[in-house]
Amino acid sequence: MADRNRIRSFLKDEHVTYASILLYITLSSGQIFFNKWVLSSKEINFPYPLGLTLLHMSFSSVLCFLLTKVFKVMKVEEGMTLEIYVTSVIPIGAMFAMTLWLGNTAYLYITVAFSQMLKAIMPVAVFILGVCVGLEIMSCKMLMIMSVISFGVLVASYGELNINWVGVVYQMGGIVSEALRLILMEILVKRKGIKLNPLSLMYYMSPCSAICLFIPWIFLEKSKMETWNFHVLVLSLNSLCTFALNLSVFLVISQTSALTIRIAGVVKDWLVVLVSALLFAETKLTIINLFGYAIAIAGVAAYNNHKPKNGERITLVSQSPTNSDKKPGGPL
């Protein structure tokens, strides 16, 4: 009887684990397409990436407050001080805001598939910055892995039929901002000893990011949006899905590990690339595209396999197409 109960418990845990991973992949992929549709579809016609990102951050701030302070469904981890908040959380929030803003803007110029291919370069940016600040050590193996990823992205870019360099610049800017955020996160964990779960990170960081986005929004998009007919239901649902994505990351990490999130992220990236070719007429995949991306993903897989042996990296999954593939432990 005891053995039977243990088997049932194991199977139940396995089902919960697989369900949480499937939920994460579904929400992460779906949110990318949802954001793309909101930003560039004729039905919604909301070409305001800064405004959309500001809405996401404001929505997350309110929901985090309600869940932790009003309904007390979840608890915010302790240990945050004013000094740490000013010197670490605010810069991280600013980089997060920049990542989402630039990444969302890129979707006005380049396809979803090509954006995913460019984002494969992320480990290279993180590693280079990590070496510069002393968090990473240059080695022949890591240099080889970074070279493979870079070569793959270069080949994928060469195979892009209608490349828009404005979109590429925005996307690469978002990648650099995200890399800086990850480095700041690692400094927060390793040098200041603060470890926060994704909900706690969102609770502390969302208000900072919202303020950082609000200032440029006043000058760049406020006047344009005053004449726009708001689709309140669509934008509210979009923001809710964004928040659900972050909670799904928390669920997956609690059931598995940071490495599992990264592996699920690779599966999700391929899924997004292939499905986008079916959903969007503007997406024209070529053999060179796919070959280059396959090389880059092979490098990313090697990086994911190598990193856990040298310490896990804590991150936060973005709430936009740009960062929906950046995972805790490696996309919260």
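The protein exposes about 15200 Å² of surface, and carbon and sulfur atoms supply 70% of that area. The structure is a predicted model, and every figure below was computed from it. Of the 332 residues of the protein, 53% count as buried.

**Overall fold**

- The protein is built with 12 helices and zero strands, so that, read from the N terminus on, its elements run α-α-α-α-α-α-α-α-α-α-α-α.

**The nonpolar cores**

- As background, nonpolar side chains in soluble globular proteins tend to be buried together.
- In this model the largest nonpolar core has 46 residues, and those with the most contacts inside it are Val38, Phe46, Met57, Val112 and Leu213.
- Six helices each supply at least two residues of this core, namely H1, H2 (49-70), H3 (82-106), H7 (165-190), H8 and H10 (232-255), and the largest share, nine residues, comes from H8.
- Phe46, which is among the residues with the most contacts inside the largest core, is in contact with Val38, Leu39, Gly51, Leu52, Met225, Trp228, Phe230 and Leu235, when its neighbours within four places in sequence are left aside.

- Lys36 lies in helix H1, which covers residues 2-40, and because its relative accessibility is 3%, under the cut-off of 20%, Lys36 counts as buried.
- Not counting residues up to four places away in sequence, Lys36 touches Ser41, Tyr107, Ile110, Val112, Phe280 and Glu282; one of these, Val112, is also listed among the residues with the most contacts inside the largest nonpolar core.
- Lys36 and Leu108 are 72 residues apart in sequence, and in space their C-alpha atoms are 8.2 Å apart.

- Ile211, Phe214, Ile215, Ile218, Phe219 and Leu220 together make a nonpolar surface patch of about 620 Å².
- Ile211, one of the residues of this patch, has its place in helix H8, which covers residues 198-220, and because its relative accessibility is 54%, over the cut-off of 50%, Ile211 counts as exposed.

Note on methods:
Residues numbered from 1 in each chain as written. Predicted model: local features only at pLDDT ≥ 70, side-chain atom pairs only at ≥ 80, totals over all residues. Heavy atoms only, no water. Helix = DSSP H or I, 4+ residues; strand = E, 2+ residues; numbered from the N terminus. Buried < 20%, exposed > 50% of the residue type's maximum accessible area, 1.4 Å probe, protein only. Contact = heavy atoms within 4.5 Å. Patch = residues over 30% accessible without salt bridge, like charges linked within 9 Å, V, L, I, M, F, W, Y side chains within 5 Å. Areas by Shrake-Rupley, 256 points an atom, 1.4 Å probe, with all protein chains shown as cover. Salt bridge = Lys/Arg side-chain N within 4 Å of Asp/Glu carboxyl O. Core = buried A, V, L, I, M, F, W, Y, C linked by side-chain atoms within 4.5 Å.
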